[in-house]
Structures are given as structure tokens and as C-alpha cells.
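The following paragraphs lead through the structure shown below.

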Amino acid sequence: GLLVDLSHFPLIRESVEESILPIRHYITHAHIGNAVVLPDCDGYGDQHPRCGFPNSANGLEDAVSYLRTRPAAGSVKTERPPVMSFEVKPFGDEEPDMILSGCKRFLEKAWEQV
């Protein structure tokens with residue numbers, strides 16, 4: 001199966017739909033993540049900054065679209081559903097526990113809008 005990673009979509013300049021729909025039948029794992037696409041900014045590239053990181057590409061609307069598109073594309077099965085996880089790491093002196101707590105709050109806000 002394939003892993004889809006929300007943090008990669010802005011890096012390859014694709015929308016959620018462009019990334020998910022062509023591979024929807026092969027998705028076995030999904031990451032919710034973030035990226036900075038501005039080369040002169042901290043965290044640039046595939047560094048997995050936290051949600052809300054300065055100058056980052058993915059916000060709440062992107063996560064909501066991601067969560068809505070996956071079931072609509074048929075990539076969420078009731079039997080053996082794909083694993084979904086965050087791919088995030090602290091930047092600089094950020095506290096890991098605070099980053100994880102923030103991810104949980106972010107996901108709860110996104111699910112409220114799905």
C-alpha cells in the first residue's frame with residue numbers, strides 16, 4: 001500500500017484531491033503534517049514543523065479538506081482502515097509534549113469541521 005502525507009502536498013504543489021484521488025485504492029497509511037515552502041524561512045522543506053508553525057503551508061482548512069477527501073475518495077474502509085498519524089517534530093527548543101498536545105487540539109478542531 002501507499003502512504004499519503006499532507007505535509008508533502010504543498011511541497012509538490014498539489015491539492016489534497018490531486019494527491020489522494022489517483023491513489024485512493026492503494027492508501028494504507030496517512031500522515032497529517034505540515035511544511036514550510038518558502039526557502040528563506042525557518043523549517044523550510046520536509047522538516048515536519050508543528051501545526052501553526054510560522055510561514056507554514058498547511059492550516060486547519062487543509063486538514064479539514066484532507067479528512068473530508070479521504071472517505072469521499074473511498075480510501076477509508078470499515079474493515080482494516082488505514083492508519084492515520086501525525087508526522088511532526090519539535091523545532092529549536094520547542095517542548096515535545098507541547099507539540100503533541102497542540103497536534104491533538106488541531107485534530108479535534110479539524111474533526112469538528114468535517
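A residue is called buried when its relative accessible area is under 20%, exposed when that value is over 50%, and partly exposed in between. The coordinates belong to a predicted model. By this criterion Gly 43 is buried, because its relative accessible area is 8%. Gly 43 is found in the loop between strand S2 (27-32) and helix H3 (60-72). Leaving aside residues up to four places away in sequence, Gly 43 touches Val 36, Phe 53 and Phe 91. A further reference point is Val 88, which is 45 residues from Gly 43 in sequence and 12 Å from Gly 43 in space, C-alpha to C-alpha.

The fold as a whole may be considered next. The protein has four helices and three strands, and from the N terminus on these elements run β-α-α-β-α-β-α. Along the principal axes, the C-alpha trace spans about 40 × 25 × 25 Å. The radius of gyration is 14 Å, which agrees with the value near 13 Å that a compact globule of 114 residues would have. Of the contacts between residues at least 6 apart in sequence, 69% join residues at least 24 apart.

Buried residues make up 33% of the 114 residues. The accessible surface comes to about 6900 Å², and 52% of this area belongs to carbon and sulfur atoms. As for charge, the protein has 11 positive and 17 negative side chains, and the centres of the two sets lie 6 Å apart.

What does His 31 touch, not counting residues up to four places away in sequence? The residues in contact with His 31 are Leu 3, Val 4, Asp 5, Leu 6, Tyr 66, Ser 85 and Glu 87.

The cysteines call for a distance criterion: a disulfide requires a pair of cysteine sulfur atoms within 2.5 Å. By this rule the count comes to zero disulfides. Cys 41 is in no disulfide, and the nearest cysteine sulfur, that of Cys 51, is 18 Å away. Cys 103 counts as buried, because its relative accessibility is 3%.

Most residues other than glycine have a negative phi. Arg 13, however, has a positive phi, near 60 degrees. Arg 13 is found in the loop between helix H1 (8-11) and helix H2 (16-20), and counts as exposed because its relative accessibility is 75%. Asn 55 likewise has a positive phi, of about 65 degrees, although Asn 55 is not a glycine. Asn 55 is placed in the loop between S2 and H3, the loop in which Gly 43 is also found. With a relative accessibility of 46%, Asn 55 counts as partly exposed, whereas Gly 43 is buried.

Conventions:
Residues are numbered from 1 along each chain as its sequence is written. This is a predicted model: local features need pLDDT of at least 70, side-chain atom pairs count only at pLDDT 80 or more; totals for chains, interfaces and linings use all residues. Side-chain values use heavy atoms; hydrogens and water are left out. Helices (H or I, at least four residues) and strands (E, at least two) are DSSP runs, numbered from the N terminus. The radius of gyration is taken over C-alpha atoms; the globule rule is 2.2 Å times the number of residues to the power 0.38. Buried means under 20% relative accessible area, exposed over 50%, partly exposed in between (1.4 Å probe, protein chains only). Contact means heavy atoms within 4.5 Å. Accessible areas come from the Shrake-Rupley method with a 1.4 Å probe; for residues, only the protein chains shown count as cover. Lys and Arg count as positive and Asp and Glu as negative; His and the chain ends are not counted. The place of a charge is taken as NZ of Lys, CZ of Arg, CG of Asp or CD of Glu.
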